[in-house]
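Please read the notes below with the model open beside them.

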Amino acid sequence: MSDQSTNGETDLNKLLAEMTPQLDEQIWVFLSLKARDAALEEKALLRFDEEEGATYILKEADAKGYDATFRCRRITLQIHSALEAVGFLDAISTALALNGISSNVVSAFYHDHLFVPIEKTAQTMSVLKALSASARE
C-alpha cells in the first residue's frame, strides 16, 4: 500500500524510485562527550544521549577544540519516508556495502540522512542514483 500523507511513503519500490539523493556541501563530524555540553547544544545538527555519553553531529568548524571523528558529508533522501517503512534503508545499506561504502544513517520524521566518508561521496551518489533508476525500470 502506498501512502504519501503526513505519515510518509511506505511502498518500497516507490521509495527507491523517487528517493532523489541531495548532497549537502557542508563537512560534518561526529563527537562523543561524557556529559552534555551546553555550548554545543545550539550548534549541533543532532544530539543523541547514550549510556556512555552524548553523541553530537556538528559542522566541522563548530567542533574545533574537541576530539571529533568521522569527517563526512550528508546526503538527504528527498522523499518523505514513513518511520514504519520496511526495507528502504536495508536496500540502501546493502547497495552501499556491496560497493565498500560505510554510512551512518539518521532517520528523521520526513527524510533519511546518510552520513558518508568525504572520499566516498561521489561514489555514494552514483550508487544511490543507480539504485533509484533500477527501481524505476
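**Notes on the model**

1. Strands β2 and β5 pair in the antiparallel sense, over two bridges. Two strands pair if DSSP finds at least two bridges between them. Helices (H or I, at least four residues) and strands (E, at least two) are DSSP runs, numbered from the N terminus. Within this pairing, F30 stands opposite T69 in β5.

2. On the basis of the values: this is a predicted model, in which local features need pLDDT of at least 70, side-chain atom pairs count only at pLDDT 80 or more, and totals for chains, interfaces and linings use all residues. Residues are numbered from 1 along each chain as its sequence is written, and side-chain values use heavy atoms, with hydrogens and water left out.

3. β2 also pairs with strand β4 (residues 53-59): six bridges join the two, and they run antiparallel. The bridge partner of L33 in β4 is A54. β2 is mostly covered, with five of its six residues buried. Buried means under 20% relative accessible area, exposed over 50%, and partly exposed in between (1.4 Å probe, protein chains only).

4. How many aromatic pairs does a search of the whole structure find? It finds three. One of them is F30 with F70, an edge-to-face pair at 5.6 Å centre to centre with 70° between the planes. The pair links distant parts of the chain, since F30 is in strand β2 (residues 28-33) and F70 in strand β5 (residues 69-77), 40 residues apart. Rings of Phe, Tyr and Trp (its six-membered ring) pair if their centres lie within 6.5 Å; planes under 30 degrees apart count as stacked, over 60 as edge-to-face and the rest as tilted.

5. Is F30 buried or exposed? F30 counts as buried because its relative accessibility is 16%. F70, at a relative accessible area of 22%, is partly exposed. F109 and Y110 form an aromatic pair that is also edge-to-face, with 4.9 Å centre to centre and 75° between the planes. F109 is partly exposed at 43% relative accessibility, and Y110 is partly exposed at 48%.

6. F30 and F70 belong to one aromatic cluster with F115. F115 is found in strand β7 and has a relative accessible area of 1%, so this residue is buried. Contact means heavy atoms within 4.5 Å. The C-alpha atoms of F115 and D24 are separated by 9.9 Å, although the two residues are 91 residues apart along the chain.7. β7 (residues 112-117) is joined to strand β6 (residues 104-107) by four bridges, and the two run antiparallel. A hairpin of four residues leads from β6 to β7.

7. Two packed helices are described by the angle between their axes and the distance between the axes. Helix α3 (residues 88-98) and helix α4 (residues 121-136) pack at an angle of about 130°, with their axes 10 Å apart. That angle makes α3 oblique to α4. Axes are lines fitted to C-alpha atoms, for helices over the stretch in contact, and angles run from 0 to 180 degrees between N-to-C directions. Angles under 35 degrees count as roughly parallel, over 145 as roughly antiparallel, 65 to 115 as roughly perpendicular and the rest as oblique.

8. Which residues of α3 meet α4? They are A91, I92, A95 and L96, and in α4 they meet T124, V127, L128 and L131. α3 passes α4 in a right-handed crossing. A crossing is left-handed if the near helix is turned anticlockwise from the far one by less than a right angle, and right-handed if clockwise.

9. Most residues other than glycine have a negative phi. T20 has a positive phi, near 40°, and is not a glycine. T20 is placed in the loop between α1 (12-17) and β1 (21-23), and is partly exposed with a relative accessible area of 48%. F70 likewise has a positive phi, of about 55°, although F70 is not a glycine.

10. R47 is found in strand β3 (residues 46-50) and counts as partly exposed at 29% relative accessibility. Leaving aside neighbours within four places in sequence, R47 is in contact with R36, E41, A54, T55 and Y56. R47 and S32 are 15 residues apart in sequence and 9.4 Å apart in space, C-alpha to C-alpha.
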